[in-house]
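This briefing goes through selected features of one model, grouped by topic. Please have the sequence and the coordinates open.

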Amino acid sequence: MQSTLVAVTYGAQDPTRVAQFWAGLLGREPVEDGDGVLLPGADGQLGLRFVADGVPPAGQHRIHLHLTSTSLADQQHTVATAVELGASHLDVGQRRDEGHIVLSDPEGYEFCVIEPGNRFLADCGRLGEFTCDGTRAVGAFWSKALRWPLVWDKGAQTAVQSPQGGTKVSWDAWHRAPDDLGPQRSGRQRFELVATGGDLEAEVNRLVGLGARSLRSNDRGVIVLADPDGREFRLRAP
């Protein structure tokens, strides 16, 4: 059995608007379905899904994106395009000498446009990284859950990447508090997995054996679980 990470889901007050923003910035075609709007990934790039939840943004989110740049001109072009599409510059305490540029999308989600020459994100593609608030234990859990190797493991910082390359997912405990507003907010950003082996129950049992907790299921066969840090994720059959 195996779980495939197909997308990171974002709750949004206006999922169509924010999906259009990211479609324009990443050059992807949005796909509307019963679960919201999906921007599928390709060639190792992870997907993004936007769903309606009616929860206004508050405080720093636990996951943000890193977009890569091939040159300073490319970085500046990405920033200009993002602002034209509806992004805003954001001050999170970054220093003037830091090369990355911090923005927020129309829904208030933070992301960074990374300077060229970043070796950690070399060959990761345009959507280079999802960086998450989390412990080392949760990085080790996801390495086993996805069967992706740990490509970084130093102190409290971990990162995983598919053996085929593409977008990295990393964890660092940059703030220890759980998501601010309880259960509704705790699932506002979540991983979306597919049980590629076809046996959903067996895959749930495998993930629980690795340290996840099964929380509930819905009438469409989606299983809601929590990782060892208590962060919600969802698993479905293919």
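With which side chain does the side chain of Glu 192 make a polar contact? The partner is the side chain of Arg 49, at 2.8 Å; a polar contact is a pair of N or O atoms within 3.5 Å, where within protein one must be able to donate a hydrogen and the other to accept it, and residues adjacent in sequence count only if both atoms are side-chain atoms. The model is predicted: local features need pLDDT of at least 70, side-chain atom pairs count only at pLDDT 80 or more, and totals for chains, interfaces and linings use all residues. Residues are numbered from 1 along each chain as its sequence is written, and side-chain values use heavy atoms, with hydrogens and water left out.

**Glu 192**
- Glu 192 lies in strand β13, residues 189-195 (strands are DSSP runs of E of at least two residues, helices runs of H or I of at least four, numbered from the N terminus).
- Glu 192 is buried, with a relative accessible area of 6% (buried means under 20%, exposed over 50%, partly exposed in between; 1.4 Å probe, protein chains only).
- Leaving aside neighbours within four places in sequence, the residues in contact with Glu 192 include Thr 4, Val 6, Arg 234 and Arg 236 (contact means heavy atoms within 4.5 Å).

**Helix α3**
- Helix α3 (residues 136-146) is largely enclosed by the rest of the structure, because 8 of its 11 residues are buried.
- Among them are Phe 141, Trp 142 and Leu 146.

- An open sheet of 8 strands has mixed pairing and the order β6-β7-β8-β5-β9-β12-β11-β10 (two strands pair if DSSP finds at least two bridges between them).
- β6 (88-89) and β10 (150-154) stand at the edges with a single partner strand each, so one side of each is left without a neighbour in the sheet.
- β6 and β7 (residues 101-104) run antiparallel and are joined by 2 bridges; His 89 stands opposite Leu 103 in β7.

**Aromatic rings**
- There are 10 aromatic pairs (rings of Phe, Tyr and Trp, its six-membered ring, with centres within 6.5 Å; planes under 30 degrees apart are stacked, over 60 edge-to-face, the rest tilted).
- Phe 21 and Trp 22 form an edge-to-face pair, 5.2 Å centre to centre with 90° between the planes.
- Trp 22 and Phe 111 are also paired edge-to-face, at 4.8 Å and 65°.
- Trp 22 lies in helix α1 and Phe 111 in strand β8, so this pair ties together parts 89 residues apart in sequence.
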